[in-house]
Amino acid sequence: MHPDSLFGGEAFERGVDERRRLEYQFELLREDFDLWFDAALRLAGLRLDPAGATWSVLDAGCGEGLFTHEIAHRYPRARVVGFDVDARAVAVAEQRCARQPNVALSVHDVRQPILGSVPAAHGFDLAVLWLVLPYLPDRRTVLANLAATLRPGGVLLLGNVPDEALRLDHPAAAGLMAAGRQLVERMGLGGLQDSLTPLLAEAGFEAVTTHELRYPMGGATRSGHRWYAYMLTGMSAAKPVVVDTFGLMDAAEYDRRIDQLAAESVLDIAGDVRFLVTLARRAGSGTDG
Ligand SMILES: C[S@@+](CC[C@H](N)C(=O)[O-])C[C@H]1O[C@@H](n2cnc3c(N)ncnc32)[C@H](O)[C@@H]1O
């Protein structure tokens, strides 16, 4: 089970654990995100020097605005538009970005047409859909909606999770990961890795490349400790969906397994967490190489 295979969809109520998980995730992925965001700028032929960076970007499914703020802070002359289906998350994002005059936020469902609904959402140079698509079974519609907001030659940056996104060799984790896999299957949320490239081509994207990010979990490094803490937070946050919504495991059994994992010495833990990063350019004139 990958924490990001379970949250963010409608089945999930954003609790304290989930908010903490997303903050952890932001801190852990931030450096990679910045590098991939800049790769998206290069693919779109856009400027990276902050003074000349006057392009526009849409952050779809922006949540509490962690990455929205990161982009706006790094590129204060860029126009940054964010939306999310969760009004409470957007309210937090508004507070977070209150000192960034280049950010505009609103509530919107990415499964619905974006043009004409989200203010000034057209002709974007870039669009970001970071860890949102794993929760949405109708990927075709979502990608078509995003393509319609981009100018020809504009670039889409996607963060996703592969089906085998978490490797953790521990008996207590095996049952939790099996429950997670069942859940992903029942909700029709798997198979992104293989279907994404053809779906993007169908939506009018070209120059599609996908890269796997792999982060070691456990062991002696600080980063390995933090990824393990992130994974435990994610598993705790998943309990209401796995236990209450889908009845895939008994609550006491779930707690027992989490307690066993939490009591383990992190030095003895070996595993990794994986993500997928995809870049794709909207076909048409205006492309740059
Ligand atoms: C894992 S969070 C990622 C948030 C943000 N991109 C980040 O990385 O911090 C997934 C987000 O997708 C949003 N989401 C889920 N379904 C959505 C939809 N149909 N339209 C817009 N946002 C959606 C959730 O509300 C949640 O904020």
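Helix H2 has its buried residues covered by several elements, including helix H1 (16-43), helix H3 (87-96) and strands E1 (56-60), E2 (79-84), E3 (103-107) and E4 (124-130). Two residues are in contact if their C-beta atoms, placed from the backbone, lie within 7 Å. Helices (H or I, at least four residues) and strands (E, at least two) are DSSP runs, numbered from the N terminus.

This is a predicted model: local features need pLDDT of at least 70, side-chain atom pairs count only at pLDDT 80 or more, and totals for chains, interfaces and linings use all residues. Residues are numbered from 1 along each chain as its sequence is written.

H2 covers residues 66-74. Its buried residues are Leu66, Phe67, Thr68, His69, Ile71 and Ala72. Buried means 20 or more other C-beta atoms within 10 Å of a residue's own; exposed means 12 or fewer, partly exposed in between.

The protein chain holds eight helices and eight strands. Of its 289 residues, 44% are buried. Among contacts with a separation of 6 or more, 76% join residues 24 or more positions apart. The C-alpha trace spans about 55 × 35 × 35 Å along its principal axes. The radius of gyration, taken over C-alpha atoms, is 19 Å, which agrees with the value near 19 Å for a compact globule of 289 residues. That rule is 2.2 Å times the number of residues to the power 0.38.

Confidence is given as pLDDT, from 0 to 100 for each residue.

| Part | pLDDT |
|---|---|
| Protein chain | average 90 |
| Helix H2 | mean 98, highest among the elements |
| Helix H5 (residues 171-186) | mean 85, lowest among the elements |

In the chain, 93% of the residues score at least 70. Over residues 5-12 the pLDDT is below 50. Beyond near neighbours in sequence, this stretch has 22 contacts in the model.

Key. pLDDT = per-residue confidence, 0-100.
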